Amino acid sequence: MTDATHPFDALMEITARPPVVFVRGAGSYLWDDARKRYLDFVQGWAVNALGHSPPAVAEALAAQANRLLTPSPAFYNEPSLKLAKALVANSCFDQVFFANSGAEANEGAIKLARKFGSLYKNGAYEIISFVGGFHGRTLATMSASGKKAFEPLFEPKVTGFPKAQLNDLDSVKRLISNKTVAVMLEPIQGEAGVWPATDQFLRELRALTKERGLLLIVDEIQTGMGRTGKLFHYEHAGIEPDIMTLGKGIGGGVPLAALLATDYASCFEHGDQGGTFNGNPLMCAAGLAVLEHVAKPEFLKSVTDAGLFLESELQKLSARHGLGEVRGRGLLLALDLKLPIGASIVAEAFADGVLINSPQPDALRFMPALNVTREEISLMIDCLDAVLVKAGAARRVA
Ligand SMILES: *Cc1c(COP(=O)(O)O)cnc(C)c1O
C-alpha cells in the first residue's frame, strides 16, 4: 500500500482525464469542484438520454431504492417485468435479457448466436462483424470489434469474427461459409467516428442473412433509445433484425443494458446465461422512467428536429471554416475536421466550458441530451466557432 499523495493516484490510470472533479449535473450542464459550469455535448458518452440527473430518473431510483433493491436474479421482480414488456411492445423483439453494460449485452448476443449455431446449424459459430466496428471491452467484444488499436492487445483473441467492410455487401458474401451463424453491426459506427450504414445496405444485409439462414444482430447501444429520432435505428431502414443490444441511453445515466431477441432467435436454455445484478429492480426502474419519456412520438419528433437544427448549424460552421462533411443521424452527429486537430479543439472547448468529444483525430462527435434546447445548441456552436477561429489563426501563424 502506498500513501496516495495526489487525489487521483488511487485510481488506475486507464485514460488521460482533465484534472478536475465533477460534482453536480443538471440537464445539459455539469459543474466541477471549482464551481465552473460546462455545457455538456458528451453526456456521459451518449448515456444521459434525458440530461444530467433528470427528475424522472432520480425519482424512480429513490422510490425503488426505498422499496426493493435486489431480491436475487433467481426471482422475478416488478420493474424488470414491466421494462421487458415495454421494450417488447415497442420493438420487433419478443424477449429480453438485462445486463449491466453494453459489452455484457453484446457478449450475451454473441453467446446467443453461438447457441443458435450449436442447436440449429451444425455448430456454426462465426459472426461476421465489420472493420471500424466497436462492441465493447471484454475479450469477445474486443475480438468482435474492428478497431485497429485493439488488434495487438490481449492476445490471443477470441476467434470467429471475420471482418467485412461497412456498406459493401460483397465483402460480407465473401466471408459466409458453413461456419457462419450471424452478422453483427452498429447501424452507425460511433467510436469509429460516426460512419452510418446506409438504409439500403441494412435492407440488403437483412435480405442476405435471411436467404442464407443467418442471424442479424444490431448493436444499438449508441443508436438506440431515441438517439437517431426513432426509438431504434433499425426502424429507419424498415427492417426487423433477429437480435438487438441496448446500453448507454437505456438507463438514463445508470448502468443498464439489454439483449433482445425474436422468438426465432431466443434459444438460451437453463444455465446458459445469467448474472448476479442482471435485471435488478433499481436499474430497471430507471430504465422504465427513461423509456416512458423517450418512446413518446412527440419526444422522438423533438429529437429529429433538434438533430436537424444541430446538423444545419454544423454545416454552416463547416462552410465558414473550410471543414469537411457532417455525418450521422438525429442527435448522433460528427463534424469532419479534415485535419488531425480534434484533441486540441476538445481541450480548447473544455477550457471555455463546453464538452465535446473527438472519437478520431480528425472528427468531432456531438451526442447531447435528447432534450437539448436550441439555445444550448446555439451556445455550443458559438463556442466552437470561437475555438475554430483561434485554431485557424494559430495554423496561419505556424
Ligand atoms: C459504448 C458501446 C459499447 C460498449 O458499452 P459499454 O457499456 O461501455 O460496455 C458497445 N457497442 C457500442 C456501439 C457502443 O457505443
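Colleague: How far is an oxygen atom of the ligand from an N or O atom in the side chain of K248?
Modeller: This is a predicted model, in which local features need pLDDT of at least 70 and side-chain atom pairs count only at pLDDT 80 or more, while totals for chains, interfaces and linings use all residues. Residues are numbered from 1 along each chain as its sequence is written, and side-chain values use heavy atoms, with hydrogens and water left out. K248 is one of the residues around the ligand. Between the N or O atom in its side chain and the ligand oxygen, the distance is 2.5 Å.

Colleague: Which residues surround the ligand?
Modeller: Here a residue counts as near a molecule or strand if one of its heavy atoms lies within 4 Å of it. The ligand has around it S101, G102, A103, N106, F134, H135, G136, E186, D219, I221, Q222 and K248.

Colleague: What length does helix α4 reach from its first C-alpha to its last?
Modeller: Helices (H or I, at least four residues) and strands (E, at least two) are DSSP runs numbered from the N terminus. Helix α4 covers residues 102–120, which is 19 residues. The expected span is 1.5 Å times one less than the number of residues. That expectation is 27 Å for α4, and the helix comes close to it, reaching 27 Å.

Colleague: Which residues of α4 are buried?
Modeller: Buried means under 20% relative accessible area, exposed over 50%, and partly exposed in between (1.4 Å probe, protein chains only). G102, A103 and N106 also surround the ligand. The buried set in α4 is G102, A103, A105, N106, G108, A109, I110, L112, A113, K115, F116 and G117.

Colleague: Which residue takes a positive phi just after α4?
Modeller: Helix α4 ends at residue 120. Just after it, a positive phi of about 55° is found at N122.

Colleague: Is Q222 buried or exposed?
Modeller: Q222 sits in the loop between β10 (215–219) and α8 (234–237). Its side chain makes a polar contact with that of E191 at 3.2 Å; such a contact is a pair of N or O atoms within 3.5 Å, where within protein one must be able to donate a hydrogen and the other to accept it, and residues adjacent in sequence count only if both atoms are side-chain atoms. Because its relative accessible area is 6%, Q222 is buried.

Colleague: Which residues line the largest cavity?
Modeller: On a 1 Å grid over the protein atoms alone, a cavity is a set of points where a 1.4 Å probe fits but cannot get out, a pocket is an open set with protein on both sides within 12 Å along at least five of seven lines, and lining residues have an atom within 4 Å of a point. The search of the whole structure finds one cavity of 30 Å³ or more, and the largest cavity holds about 30 Å³. Its lining is made up of A46, A49, Q222, G224, M225, R227, G249 and L370.

Colleague: Which residues lie nearest the centre of the second largest pocket?
Modeller: The second largest pocket has about 1,000 Å³ of space. Two or more lining residues come from each of α3 (78–89), β4 (95–99) and β12 (257–261). Of the 37 residues in the lining, those nearest the centre are P73, Y76, V96, F97 and F98.

Colleague: Which peptide bond is cis, with omega near -5°?
Modeller: The place to look is the loop between α5 and β6, where P156 lies. F154 lies in that loop too, with a positive phi near 50°, and F154 is exposed because its relative accessible area is 55%. The cis bond runs from E155 to P156.

Colleague: What value does phi of W45 take?
Modeller: W45 belongs to helix α1 (residues 43–46). With a relative accessible area of 37%, W45 is therefore partly exposed. W45 is a residue other than glycine, and its phi is positive, near 70°.

Terms used
Grid points are joined across faces, edges and corners, and a volume is the space filled by probe spheres set on the points.
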